[in-house]
Amino acid sequence: MTSTLASGSPAASAAGTQQTTAAAPGARAPRATLSPALKQATPVIVDHAQGSWIHGTDGRDYLDFTTGIGVTSTGHCHPRVVAAAQEQCGKIIHAQYTTVMHQPLLALTDALGEVLPDGLDSVFYANSGSEAVEASIRLARMATGKPNIVVFQGGFHGRTVAAASLTTAGTKFSAGFSPLMSGVHMAPFPYSYRYGMDETAAVEFALRELDYLFASRVAPNDTAAMLIEPVLGDGGYLPTPPAFLQGLRERADRLGIVLIVDEVQAGVGRTGRFWGHQFAEGVVPDILITAKGIASGFPISAIAASTELMSKAWPGSQGGTYGGNAVAAAAGVETLAVIRDENLVENARIRGDQLLAGLEEIKARNPRIGDVRGRGLMAGIEFVDPSAAGAVPVPDAAAAAAVQQACIGHDLLTLTCGPLGNVVRLIPALVVTEDEITAGLQRFAAAVDDALA
């Protein structure tokens with residue numbers, strides 16, 4: 001069965017909200033509804049979920065290749081994570097961490113110390129990726145005394161005002177509420193497919209343009225930090241070439257600039273290495289940002305830096321009512337233990353190779369798939385117009401939206417992304433099995449055939 005709802009359409013949005021608010025005949029109308037600004041990617045209402053599967057109130061079983069946009073790293077409701085959270089709820093739920101300290105946060109810090117890059121030995125906790133991003137910028141500016149931040153085209157760093165000011169993955173994240181935070185400057189990202197270049201040429205081009213930005217607009221002596229994702233998320237699931245990260249590290253060292261790596265989506269095993277930046281040999285960020293998969297769905301985020309750098313934050317500049325929540329921290333401790341005990345980073349690598357190989361086979365049969373890319377369990381499929389002339393691909397957002405909606409009819413949940421809306425992204429849980437990847441590929445191939453026939 002193929003869905004007829006268009007992605008982002010009022011009908012699709014209503015399908016995701018009306019079932020929760022519609023009153024029975026003769027009953028009182030609801031006094032509150034969800035904001036109409038919220039746009040549902042699918043009409044699914046969850047009854048319960050387990051592992052890689054969401055079971056809807058419609059009685060259907062959906063293979064979830066969205067994982068809450070990369071959040072449910074150990075799958076839905078992993079028994080060990082559930083048990084850890086339940087046990088902590090019986091001890092203390094909220095222990096405000098600038099008032100009293102609690103054991104789960106100390107344990108999480110110890111556990112993170114086992115997986116953080118050498119030298120990043122000081123951690124600050126918040127609730128969301130946006131908060132952690134803003135904390136990293138605040139720290140970099142305080143530590144250097146410099147105002148400017150360089151970001152890269154296609155990066156997504158959040159929706160709060162400062163984080164949105166740093167985001168270039170689409171105008172929908174930053175339009176309509178100006179003025180934005182000042183001091184943000186954008187440099188090209190080495191998007192080789194879009195530029196019609198090979199990766200080496202794209203890296204050389206992007207580094208050359210970054211140097212030109214420093215010479216023409218943003219003096220290094222006025223630049224606090226460069227901020228980049230190791231795999232662009234909302235920007236199109238584009239892996240950052242290792243040579244580009246190495247070039248940023250060299251310039252950061254030479255020019256006295258803080259290198260911040262946003263691992264909110266790519267971190268915690270998703271790429272087949274624990275941190276996404278680890279594909280670039282010799283690169284260690286000055287500040288690392290993590291969130292999403294770190295607690296399997298409980299809201300917690302963090303930044304990590306050296307004690308020397310973190311000590312340059314002004315007293316009182318770090319804190320928050322809900323940061324480092326005890327239940328979320330307990331879930332984070334168990335999440336890291338599950339990832340270790342079940343060898344999920346390696347599973348992400350193996351299953352990711354299987355996923356990308358299968359997508360390449362689908363691409364070979366359909367000329368409207370222009371590019372397949374990713375690392376580990378982050379896979380992007382870019383749709384283009386094959387009839388358009390020229391060396392530079394012409395994006396086809398309608399095709400991507402049609403495929404994403406057709407996937408629902410085949411009981412597969414996916415999402416779109418990219419500034420031009422022409423990329424479908426697949427984000428299975430780290431616990432995904434070989435059979436589930438095979439099933440997902442079969443369902444995706446059927447959706448492509450249905451949508452683009």
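The structure is a predicted model, in which local features need pLDDT of at least 70 and side-chain atom pairs count only at pLDDT 80 or more, while totals for chains, interfaces and linings use all residues. Residues are numbered from 1 along each chain as its sequence is written, and side-chain values use heavy atoms, with hydrogens and water left out. Helices (H or I, at least four residues) and strands (E, at least two) are DSSP runs, numbered from the N terminus.

**The open sheet**

- Seven strands form an open sheet in the order β4-β10-β9-β8-β7-β5-β6, with mixed pairing, where two strands pair if DSSP finds at least two bridges between them.
- The edges are taken by β4 (122-126) and β6, each of which has a single partner strand, so one side of each is left without a neighbour in the sheet.
- From one strand to the next, the twist averages 20°; for such angles, axes are lines fitted to C-alpha atoms, for helices over the stretch in contact, and the angles run from 0 to 180 degrees between N-to-C directions.
- Within this sheet, strand β9 (residues 287-290) and strand β10 (residues 301-305) run antiparallel and are joined by four bridges, and Thr290 stands opposite Ala302 in β10.
- Helix α9 (residues 242-255) packs on the sheet, where it touches β5 (148-152), β7 (223-228) and β8 (258-262), and its direction makes about 170° with that of β7; contact here means heavy atoms within 4.5 Å.

- Strand β11 (residues 369-375) is largely enclosed by the rest of the structure, because seven of its seven residues are buried; buried means under 20% relative accessible area, exposed over 50%, and partly exposed in between, with a 1.4 Å probe and protein chains only.
- Six bridges join β11 to strand β12 (residues 378-383), the two running antiparallel, and Ile369 stands opposite Phe383 in β12.
- The hairpin has two residues between its strands, and in it Gly376 takes a positive phi near 55°.

**Salt bridges**

- A salt bridge is counted when a side-chain nitrogen of Lys or Arg lies within 4 Å of a carboxyl oxygen of Asp or Glu, and by this rule the count comes to 16.
- One of them joins Arg251 to Asp211, with the closest N and O atoms 2.7 Å apart, and this pair links distant parts of the chain, since Arg251 is in helix α9 and Asp211 is in helix α8 (residues 199-216), 40 residues apart.
- In that pair, Arg251 is buried, with a relative accessible area of 12%, whereas Asp211 is partly exposed at 32%.
- Asp253 and Arg249 form another salt bridge, their closest N and O atoms being 2.8 Å apart, and because they are four residues apart in helix α9, about one helical turn separates them.
- Arg349 forms a salt bridge with Glu346, where the closest N and O atoms are 2.5 Å apart; the two residues are three apart in helix α12 (residues 344-365), so about one helical turn lies between them.
- Both partners are partly exposed, Arg349 with a relative accessible area of 36% and Glu346 with 28%.
- Salt bridges also link Arg80, Glu334, Arg340 and Asp341 in a network.

**A nonpolar surface patch**

- Val161, Phe177 and Leu180 form a nonpolar patch on the surface, with about 220 Å² of accessible area together; accessible areas come from the Shrake-Rupley method with a 1.4 Å probe, and for residues only the protein chains shown count as cover.
- Patches are made of residues with over 30% relative accessible area and no salt bridge, with like charges joined within 9 Å and nonpolar side chains (Val, Leu, Ile, Met, Phe, Trp, Tyr) within 5 Å.
- Phe177 is in the loop between α6 (161-165) and β6 (184-187), and it is partly exposed, with a relative accessible area of 32%.

- Leaving out residues up to four places away in sequence, Arg251 touches Leu207, Leu210, Asp211 and Gly256.
- Val448 is in helix α14 (residues 434-452) and is buried, with a relative accessible area of 1%.
- Val448 touches Asn366, Val403 and Ala453, again not counting residues up to four places away in sequence.
- Val448 and Ile362 are 86 residues apart in sequence and 8.6 Å apart in space, C-alpha to C-alpha.
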